[in-house]
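This briefing goes through one protein model by topic. Please look at the sequence and the 3D structure before reading on.

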Amino acid sequence: MTNAHTDLAPTWTASIPRHWCWMRNKELLFEAQILSTDGSEELLSVSHLTGVGPRSEKNVTMTEAESLEGYRVVEQGDLVINTMWAWMGALGVARHAGIVSPAYGVYRPRPSAPFEPRFFDYLYRSTEYVMEMTRVSRGIWSSRLRIYPEVFLRMAVPVPPLKEQRAIADYLDRETARIDTLIEEQQHLIEMLRERREATIRSALLSGLDAADKGPSGVELLGAVPRRWRMIPTRYLCTITTGSEDSGNATEDGEYPFYVRGREVLRIGHYSFDGEAVMTPGDGQGGTGKVFHYFKGKFEAHQRVYVFKDFAGISGWYFYYFLSTFLRPVALAGSNTVTMESLRRPLLASFKIAVPPLAEQRRITAYLDDQTAKIDTLIAEAERFIELARERRSALITAAVTGQIDLPGVA
């Protein structure tokens with residue numbers, strides 16, 4: 001155990017209260033290497049967002065191993081570190097017993113160590129301490145850094161008296177819960193705004209802006225549409241083609257937008273298309289039937305990106321609204337490929353669009369532009385609130401675990 005002005009102090013904070021001390025992690029913890037004999041214990045997950053908890057309670061997409069025999073045993077109060085993802089904050093003190101991957105580090109508090117699990121969970125997962133672990137991690141690429149046990153155990157950590165650790169943990173439990181509640185409320189608001197946005201678009205595209213006599217559209221999922229509108233397959237409204245380029249032909253300083261199979265729009269030095277067009281990938285990382293682009297001008301497209309152009313009797317912008325809203329649900333409902341891994345040209349060519357007169361199309365798109373802009377502004381404000389709240393939460397934790405906040409009744 002050493003005082004606050006030793007060379008053991010890491011670079012992430014300049015000072016701590018004089019009655020605190022710096023200790024190496026090895027003075028507080030030791031590496032626990034007990035392995036499960038049959039893998040029957042509860043499997044735990046380690047997340048940079050939620051710390052350590054039962055895998056069953058988390059949204060984990062990775063496939064579970066067939067056998068969990070040989071996994072590391074974790075006791076309540078152990079510190080668990082994902083060795084490969086510590087630089088992202090994938091660590092925490094376990095509040096449940098269980099098992100974790102043998103590739104993880106499990107560190108158990110020494111019996112006589114001044115170690116309040118809740119306090120150290122906040123400290124080890126604080127932004128500044130994660131940055132310090134990143135600094136001492138080893139690896140060729142930043143995304144493959146590893147924090148090895150011998151390195152972690154040599155690291156220093158600020159240690160207040162146990163009574164103060166508990167008081168700080170109580171304070172952070174209250175304050176972070178309050179901030180988390182505010183964040184959850186804003187996330188719920190964003191969900192409602194997005195639902196409202198989608199409902200607004202669907203209503204305008206299927207009912208128009210005026211009270212109109214409606215009749216069956218002929219497409220079960222779409223239901224009824226104004227009788228004066230026509231249901232027309234896309235092949236009669238535009239030309240459907242694809243690009244001819246590969247993503248590897250993109251250039252950072254290219255003059256023209258380059259539409260590829262993901263959501264990101266790249267750049268390229270030449271173009272094959274010039275005019276108004278709507279694009280959607282036939283397959284790719286963005287999710288088939290989920291990525292749509294509208295552009296007017298010179299551009300290039302990937303060989304697996306469908307390009308709708310040369311519009312006749314329909315505006316490209318109205319076409320974009322309708323296709324991006326209804327293509328996936330309608331095509332998915334009528335497709336034998338439930339996962340919608342790829343779109344085929346015949347499906348696209350036969351997809352029917354509810355087409356009002358051109359003047360009405362313009363009124364609908366102008367209305368939707370106005371309404372969606374207002375909703376998007378509210379969503380952006382809520383997202384900014386969440387960003388600021390998370391920054392406040394992070395700063396609050398760092399200040400508390402370094403003794404920068406005076407708590408009533410704590411000396």
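In helix H2, the residues that count as buried are Phe119, Phe120, Asp121, Tyr122, Leu123 and Tyr124; buried means under 20% relative accessible area, exposed over 50% and partly exposed in between, with a 1.4 Å probe and protein chains only. H2 spans residues 117-124 and is mostly covered, with six of its eight residues buried. The model is predicted: local features need pLDDT of at least 70, side-chain atom pairs count only at pLDDT 80 or more, and totals for chains, interfaces and linings use all residues. Residues are numbered from 1 along each chain as its sequence is written, and side-chain values use heavy atoms, with hydrogens and water left out.

**Confidence**
- The mean pLDDT of the protein is 90, and 91% of its residues reach 70 or more; pLDDT is the predictor's confidence in each residue, from 0 to 100.
- Over residues 1-8 pLDDT stays under 50, and the model has 15 contacts beyond four places in sequence for them; contact means heavy atoms within 4.5 Å.
- Where pLDDT is low, the predicted coordinates should not be read in detail.

**Overall form**
- The protein has eight helices and 20 strands; these are DSSP runs numbered from the N terminus, helices being H or I with at least four residues and strands E with at least two.
- Its radius of gyration is 28 Å, well over the 22 Å from the globule rule for 411 residues, so the protein is more spread out than a compact globule. The radius is taken over C-alpha atoms, and the rule is 2.2 Å times the number of residues to the power 0.38.
- Along the principal axes, the C-alpha atoms fill a box of roughly 80 × 45 × 45 Å.
- Of the 411 residues, 47% count as buried.
- Among contacts with a separation of 6 or more, 71% are between residues 24 or more positions apart.

**Nonpolar cores**
- The largest nonpolar core has 49 residues, of which Leu28, Leu79, Tyr124, Phe152 and Leu172 touch the most other members. Such a core is a set of buried Ala, Val, Leu, Ile, Met, Phe, Trp, Tyr and Cys residues joined through side-chain atoms within 4.5 Å.
- Helix H8 (residues 358-401) gives the most to this core, with nine residues.
- Another core, of 37 residues, lies apart from it and includes Phe311, Phe322, Leu343 and Ala349.
- Leaving aside neighbours within four places in sequence, Phe152 is in contact with Asn25, Leu29, Leu79, Ile81, Tyr107, Tyr124, Met133 and Ile147.

**Strand pairing**
- Strand E17 (residues 273-281) pairs antiparallel with strand E18 (residues 293-301) over seven bridges; two strands pair if DSSP finds at least two bridges between them.
- E17 also runs antiparallel to strand E19 (residues 305-309), joined by five bridges.
- Ala277 has Phe295 as its bridge partner in E18 and stands opposite Lys309 in E19.
- Strands E3 (residues 44-47) and E4 (residues 51-54) pair antiparallel over four bridges and form a hairpin with three residues between them.
- Ser47 has Gly51 as its bridge partner in E4.

**Asp310**
- Asp310 is found in the loop between E19 and helix H6 (316-333).
- Although not a glycine, Asp310 has a positive phi of about 55°.
- Asp310 counts as partly exposed because its relative accessibility is 48%.
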